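Keep the model open while reading this report. It moves from the overall fold to single helices, then to single residues.

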Amino acid sequence: MKSYIHEMLRRKDLLYYLVKSGLKAEHRNSYLGYFWWLLDPLLNVMVYYFLVIIILGRGDDHPNYPLFLVVGLVAWRWVSTSINSSSKSILRYSSIINQVSLPKALFPISFTLTQLFNFAFGLVVIAIFLAVYGIMPDWHIVYLPMIIFIQLVFQLMLGLILGYITIFVRDLENVLTYVTRVFFYASPIIWVGGRLPDDWSFFVDYNPIAILVTSYRDVLIDHQVPNLIGLAIIFALSVILGVVMIRHYSKNEHKIIKAL
């Protein structure tokens, strides 16, 4: 495993290339280009605001519901795009992998890092909404880099797992569409937490995405300390599973090539 990690570090130039090419390819043929990174969160907020406020007549549980909504949607977008892209990362570069000996774990890692840059533009949108609603961050903003880092580690772990499994179970790509949809509606992204019956509260209490989304709102909107215990558990489990997956990649590179 040590030699595998050393090889990954030696190939950091490839990681840089993959991230850079991923950023360029994302909106290569669009007229607005990188402006979509700002426009996409705004359009999402408009769609769900129309659905929840106008159509369903909900959202009055939170005084600044559009701000509540944009924080949840930006955090969720990072999760969903990372899952969708990293799960297909190795298959996408199968032609290169079959010709050159490379650490396969670099590919799901690169796609997750690519979506980190997209998330940075989402933070700009959040900052705009905070300014519009006159909410200035206080000292609790110091927790923001920690939450972002924990989410990054969490998604790197998911990317390594899904990127590997998808090679052998191609149907997983279709299944993930429904799994991510379940997590979207099971997390307080467009609805305010605390509305579930007690028998169903475990969907939020033990849901890592719900913990992460709520932590962003705690820091940015409510000016309070996030759920540090929940975040610590997510980080610890992500590190452990991430190390396990790196070890698994190092021992099964030949199986990946054979499956491709």
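A helix here is a DSSP run of H or I with at least four residues, numbered from the N terminus. By that rule Thr-177 sits in helix α9, residues 172-186. The model is predicted.

**Overall fold**

The protein has 13 helices and zero strands. Of its 260 residues, 47% count as buried. Contacts reach across the chain: among those between residues at least 6 apart in sequence, 78% join residues at least 24 apart. The accessible surface comes to about 13,600 Å². Carbon and sulfur atoms account for 66% of that surface.

Start with helix lengths. α7 has 27 residues and reaches 40 Å from its first C-alpha to its last. That is close to the 39 Å expected at 1.5 Å a residue.

Just after α7, Gly-134 takes a positive phi of about 65°.

**How α7 meets α8**

α7 (residues 106-132) and α8 (residues 144-168) have axes that come within 9 Å. They cross at roughly 145°, and the crossing is right-handed. On the α7 side, the contact is made by Pro-108, Ile-109, Thr-112, Leu-113, Leu-116, Phe-119 and Leu-123. On the α8 side, Ile-148, Leu-152, Gln-155, Leu-156, Gly-159 and Leu-160 take part. By class, this contact has ten nonpolar residues, three polar ones and no charged residues.

**The buried side of α12**

Which residues of α12 are buried? They are Gly-230, Leu-231, Ile-234, Ser-238, Gly-242, Met-245, Ile-246 and Tyr-249. An α-helix has 3.6 residues a turn, so residues three or four places apart point the same way. The buried residues of α12 pack against α1 (2-10), α5 (89-92), α7, α8, α11 (208-220) and α13 (253-259).

**Ala-105, a buried loop residue**

Ala-105 lies in the loop between α6 (94-97) and α7. Is Ala-105 buried or exposed? Its relative accessible area is 0%, so Ala-105 is buried. Not counting residues up to four places away in sequence, Ala-105 touches Tyr-4, Met-8, Leu-160, Ile-246 and Tyr-249. Leu-160 also belongs to the α8 side of the contact with α7. Ile-246 and Tyr-249 are among the buried residues of α12.

His-223 is in the loop between α11 and α12. Its phi is positive, about 55°, although His-223 is not a glycine. Most residues other than glycine have a negative phi. His-223 has a relative accessible area of 25%, so it counts as partly exposed. Thr-177 is also partly exposed, at 36% relative accessibility. The cut-offs behind both calls are under 20% for buried and over 50% for exposed.

**Two pairs apart in sequence**

The table lists two residue pairs and the separation of their C-alpha atoms.

| Pair | Apart along the chain | C-alpha separation |
|---|---|---|
| Ala-105 and Met-8 | 97 residues | 8.1 Å |
| Thr-177 and Ser-80 | 97 residues | 9.3 Å |

Met-8 is also one of the residues that Ala-105 touches.

Technical notes: Residues are numbered from 1 along each chain as its sequence is written. This is a predicted model: local features need pLDDT of at least 70, side-chain atom pairs count only at pLDDT 80 or more; totals for chains, interfaces and linings use all residues. Side-chain values use heavy atoms; hydrogens and water are left out. Axes are lines fitted to C-alpha atoms, for helices over the stretch in contact, and angles run from 0 to 180 degrees between N-to-C directions. Helices (H or I, at least four residues) and strands (E, at least two) are DSSP runs, numbered from the N terminus. A crossing is left-handed if the near helix is turned anticlockwise from the far one by less than a right angle, and right-handed if clockwise. Contact means heavy atoms within 4.5 Å. Ala, Val, Leu, Ile, Met, Phe, Trp, Tyr, Cys and Pro count as nonpolar, Asp, Glu, Lys and Arg as charged, and the others, Gly among them, as polar. Buried means under 20% relative accessible area, exposed over 50%, partly exposed in between (1.4 Å probe, protein chains only). Accessible areas come from the Shrake-Rupley method with a 1.4 Å probe; for residues, only the protein chains shown count as cover. The expected span of a helix is 1.5 Å times one less than its number of residues.
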